[in-house]
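This report describes one protein structure for a reader who is new to the subject. Please keep the sequence and the 3D view at hand while reading.

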Amino acid sequence: MRTEPKTEATTTEATATEATTTAGAAARLHERYREVVRPALMQEFGYKNQLEVPRLEKIVVNMGVGEAVQDAKKMDAAVADLTAITGQHPVVIRARQSIATFKLRKNMPVGCKVTLRRTRMYEFLDRLITVALPRVRDFRGVSPRSFDGRGNYALGLKEQLVFPEINYDQVDAVRGMDIIIVTTAATDAEAKALLRGFDMPFVN
């Protein structure tokens, strides 16, 4: 059976479908914040004004690629993985200084990161909580102690394969990543309540 090549119309349709799915996931989580999470936080912490209620500000996803020092193609693969996972092209992080012990020279690429806001931020958080984390081997929940004292939360994933956007057969190496969830919360308790409202699976 002969497979018809993709036409421009087909590609455009696929892109539109993907955009609609992304927007739908983001809208779902944002709506949950407005209708469920925000009222619950106002009641729990006694906020007088909706503007006082903590909210998500941005999510930073960082992937270290130390092996890129020896093989530049490793960085290209990492950039492709992070783009597929987040839907946004990452910024390449370069060394600020030379370290002879590691054969590292100033300005050499050592990692990549993406900063997600608004629609992509909500969409990524939705997939992280509902799809990626449950696929982590022997997953029992995330640590409730990974707040920084200023209302921000950090978690690490050991491999990018927990995201279904990554094709196992096309992965050249297993790479971990750090995910920083930045909120407007003044305290860790408020930030934890905010994330729990989005069903972040904290260990009891």
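Glu 123 and Arg 127 are both buried. The structure in which they sit is a predicted model. Their side chains meet in a salt bridge, with 2.4 Å from N to O. Both residues belong to helix 3, where they stand four residues apart, about one turn of the helix.

**Salt bridges**

The whole structure contains six salt bridges according to the search. Three of them are listed in the table.

| Salt bridge | N to O distance |
|---|---|
| Glu 123 and Arg 127 | 2.4 Å |
| Arg 28 and Asp 126 | 2.5 Å |
| Arg 150 and Asp 148 | 3.6 Å |

The closest N and O atoms of Arg 28 and Asp 126 are 2.5 Å apart. Because Arg 28 lies in helix 1 and Asp 126 in helix 3, this pair ties together parts that are 98 residues apart in sequence. Asp 126 has a relative accessible area of 8% and is therefore buried.

Arg 150 and Asp 148 also meet through their side chains in a salt bridge. Arg 150 counts as exposed because its relative accessibility is 58%. Asp 148 has a relative accessible area of 34%, so it is partly exposed. Elsewhere, salt bridges that share partners connect Glu 123, Arg 127 and Glu 165 in one network.

Leaving out residues up to four places away in sequence, Arg 38 touches Tyr 33, Gln 50 and Val 53.

In soluble globular proteins, nonpolar side chains tend to be buried together. The largest nonpolar core in this model has 47 residues, and those with the most contacts inside it are Leu 125, Leu 128, Phe 163, Ile 179, Phe 198 and Met 200. Among the elements that give two or more residues to this core are helix 1, helix 3, strand 4 (153–157) and strand 5 (177–183). Helix 3 provides the largest share, seven residues.

Apart from its neighbours within four places in sequence, Leu 128 is in contact with Leu 133, Pro 134, Leu 155, Leu 157, Phe 163 and Ile 179.

The covered face of strand 4 holds Tyr 153, Leu 155 and Leu 157, while the uncovered face holds Ala 154 and Gly 156. Strand 4 pairs with strand 5 in the antiparallel sense over five bridges. Ala 154 has Ile 180 as its bridge partner in strand 5.

Gly 141 is found in the loop between helix 3 and strand 4. Its relative accessible area is 23%, so Gly 141 is partly exposed. Gly 141 and Phe 202 are 61 residues apart in sequence, but their C-alpha atoms are 5.2 Å apart in space. Gly 141 also touches Pro 201 and Val 203, with residues up to four places away in sequence not counted.

**Confidence in the model**

The protein has a mean pLDDT of 82, and 76% of its residues reach 70 or more. Confidence is highest in helix 4, at a mean of 96, and lowest in helix 1, at 70. Over residues 1–20 pLDDT stays under 50, and the model has one contact beyond four places in sequence for these residues.

Key: Residues numbered from 1 in each chain as written. Predicted model: local features only at pLDDT ≥ 70, side-chain atom pairs only at ≥ 80, totals over all residues. Heavy atoms only, no water. Contact = heavy atoms within 4.5 Å. Core = buried A, V, L, I, M, F, W, Y, C linked by side-chain atoms within 4.5 Å. Buried < 20%, exposed > 50% of the residue type's maximum accessible area, 1.4 Å probe, protein only. pLDDT = per-residue confidence, 0-100. Pairing = 2+ DSSP bridges. Salt bridge = Lys/Arg side-chain N within 4 Å of Asp/Glu carboxyl O.
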